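Please look at the sequence and the model before reading on.

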There are 2 protein chains.
Amino acid sequence: MRPVAFETLVAAPADGSTHGRRGRMQTPHGELDTPTFMPVGTNATVKALDPDDLREVGAQMILANTYHLFLRPGHERIARFGGLHRFMGWDGAILTDSGGFQVVSLGDLRSVDDDGVTFRSHIDGSVHRFTPELSIAIQEALGADVAVAFDQPVPPHASSRAEVAVATERTHRWAERSLAAHGRPDQGLFGIVQGGLEDDLRADSARTVAALPFDGICIGGLAGDETAEQRGHALDVVREALGDDPRPRYLMGLGSPADMLDAVDRGIDLFDSVLPARVARNGTLWVPEGKLNIQNAAFLDDDRPVQDDCPCRLCRTFSRAYLAHLFRAEELLAYRLATCHNLTFTLRFMALIRDALAAGTLPQLRATGSAARVATRAS
Amino acid sequence: MRPVAFETLVAAPADGSTHGRRGRMQTPHGELDTPTFMPVGTNATVKALDPDDLREVGAQMILANTYHLFLRPGHERIARFGGLHRFMGWDGAILTDSGGFQVVSLGDLRSVDDDGVTFRSHIDGSVHRFTPELSIAIQEALGADVAVAFDQPVPPHASSRAEVAVATERTHRWAERSLAAHGRPDQGLFGIVQGGLEDDLRADSARTVAALPFDGICIGGLAGDETAEQRGHALDVVREALGDDPRPRYLMGLGSPADMLDAVDRGIDLFDSVLPARVARNGTLWVPEGKLNIQNAAFLDDDRPVQDDCPCRLCRTFSRAYLAHLFRAEELLAYRLATCHNLTFTLRFMALIRDALAAGTLPQLRATGSAARVATRAS
């Protein structure tokens, strides 16, 4: 009996009108209705929110960053305190990433070899080295419900085919080492598919990772600077390579509603991104009509809620005028309220998608226009 | 029938062992148990908290700043939105100060004459002029439960006796103009006693202000750079001058627990200060034993709550180690949690004082040691 189990509740229809499916994932800290979105709690806190806020916005699972928590406050410290759930006061599900993305994107000095990656801390410049074995040991110490195999992500447009091939093959070897290193029985382990935008490398990577006994399949190296068409094509390649593989599919780093709707249609079950929260802290509020830039002076005189039918902490009490005032005064409450709204919007949008999948109406949902517009129907 | 009514529930004892009294103040937005403390919501938000947090920390009344809200977002705007309570989503009581303190302490350019004060905005340098009439008009537009007469505060140590005398007499003329200008029937109006550290000027100011039909008596020009002995003496002078005046007495700007305990003993009913919240945002947590500087590295390994018996949002879920981590990572949640704790501590301390006044044990409470230490007994 694995600690993480995935069940397809409504399979993609045989007519191919969508490849999206409605599912449910069991974890040691509760179940998730999929497709769904995981807010990101980089430093063991989803920025500006506390665990009660997270419940209220509808989060069932969040992501925490192995790289950041390794550097500060340290995984051994968190382990001594009983693990990440207890440390941050969150009794819902948690997934930790492997740190692979951060060590190749945040560190100044970095050198990658077959054994691992040496990098410099973005906090104090100290030098560290991650291997698949250390990444897994850190993640076991953190004690999330799901850990992720250590990989070498390569941004598609920054890499030649040869570079993508080397990184992808290395990711496969590290996948096996991650599996061998992982022993925590109450924690699932997901593998990562790479392969950049090269169809054959992508397909091979999907088949290689799927041949290993992971609990789920992450799709890495996307949600970067590729176009929507390139991303969609890569997802189609992966889906075809995976065939009827029963495990959950997690597209790492994607967070805009329209992009997620497209990815669900191509068979994705899980998402994470800092995007909804980051743009919220900059004063961009997502609404069914698109977005509001609350820094716009017109909102200082707008007594309406940001979104009429939204149940979030911001919309049920405060006006656009009040939020606009808080942003201008740089009051801390602004960032919490805006984050509550955008995460509520995002998670209600995923609920709308799930309803459409259950009702067999995802194609109609996609046809009604932008993902932002259709979110107005989420109840 | 006045909109604000004060009742002494337990009078100061005849033996003079304390001059403190237990009271209750009625306002259009609920009643206050006195003595009590008002958290400060400068920009129509108590920094880092929302109204639910304010209720949870035990606040019954908060203070908002007329000067700040006049400059941003503007009192007319707030009036159009139905007033300050609705604008900020707080249905408890609110007191607005007169702006007198801010225009003489925050503005760069300022000139005071008998008619009013001309000052420069600390936000954009624009030039404005406050008169008693404008201060009252702004406060009526904001619609707090209690407004305050416009005054000219003079910091004791920065002023000669002659300067104090001029400012105090001006404050008296402005008190009458404030009363004449005030017409909002659902809003109380408090007058302000000045007089610096000159006993005769203080006593005369107390008698002069008490002769006017205010709903309460503010004591201004203290909680600055005077010593505790000087402040205590000034409070004794005011109390003796007020005699058995039945109205509430509000010492403006004082917020440390030990200082408030001393002032209660000298007959004060109301306090406000940014202090508990400001030090919280700097990582200083008030506890019965004194204070914790959470930036101290030792707390990174301290799994205990900040205060064992504290019911606040911080202490009931999180460890010192987690808070220390949040501060080091400069996570926004740190400021909210620390503020919740210090305001809970402060308001529980006032509840402890009220219990002691009701039980006739305030002298014993004062004798047990520092105000911080005794707070541990607050239930």
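The model is predicted. In the contact between the chains, 40 residues belong to chain A and 40 residues to chain B. The area buried between chain A and chain B is about 3300 Å².

**Buried area**

- The size of an interface is often given as the accessible area lost when the parts come together.
- Carbon and sulfur atoms give 54% of the area buried between chain A and chain B.
- Of the area that chain A buries against chain B, 17% is supplied by A:H325, A:E331 and A:L332, more than by any other three residues.

**Salt bridges and polar contacts**

- There are 16 salt bridges between chain A and chain B.
- In one salt bridge, the side chain of A:E331 meets that of B:K47 at 2.6 Å, N to O.
- Polar contact across the interface of chain A and chain B involves 26 residue pairs, both residues being at pLDDT 80 or more.

**The side of chain A that touches chain B**

- Helix 12 of chain A provides the largest share of this side, five residues.
- By class, this side of chain A has 18 nonpolar, five polar and 17 charged residues.

**A sheet in chain B**

- Chain B has an open sheet of three strands in the order 1-2-3, with antiparallel pairing.
- Strand 1 (5-10) and strand 3 (30-34) of chain B are the edge strands, each pairing on one side only.
- Strand 2 (residues 22-27) of chain B is joined to strand 3 of chain B by five bridges.
- B:Q26 has B:E31, in strand 3 of chain B, as its bridge partner.

Conventions: Residues numbered from 1 in each chain as written. Chains lettered and ligands numbered in written order. Predicted model: local features only at pLDDT ≥ 70, side-chain atom pairs only at ≥ 80, totals over all residues. Heavy atoms only, no water. Pairing = 2+ DSSP bridges. Helix = DSSP H or I, 4+ residues; strand = E, 2+ residues; numbered from the N terminus. Contact = heavy atoms within 4.5 Å. Buried area = accessible area lost by both parts, 1.4 Å probe. Salt bridge = Lys/Arg side-chain N within 4 Å of Asp/Glu carboxyl O. Polar contact = N/O pair within 3.5 Å; in protein donor to acceptor, adjacent residues only side chain to side chain. Nonpolar A, V, L, I, M, F, W, Y, C, P; charged D, E, K, R; others polar.
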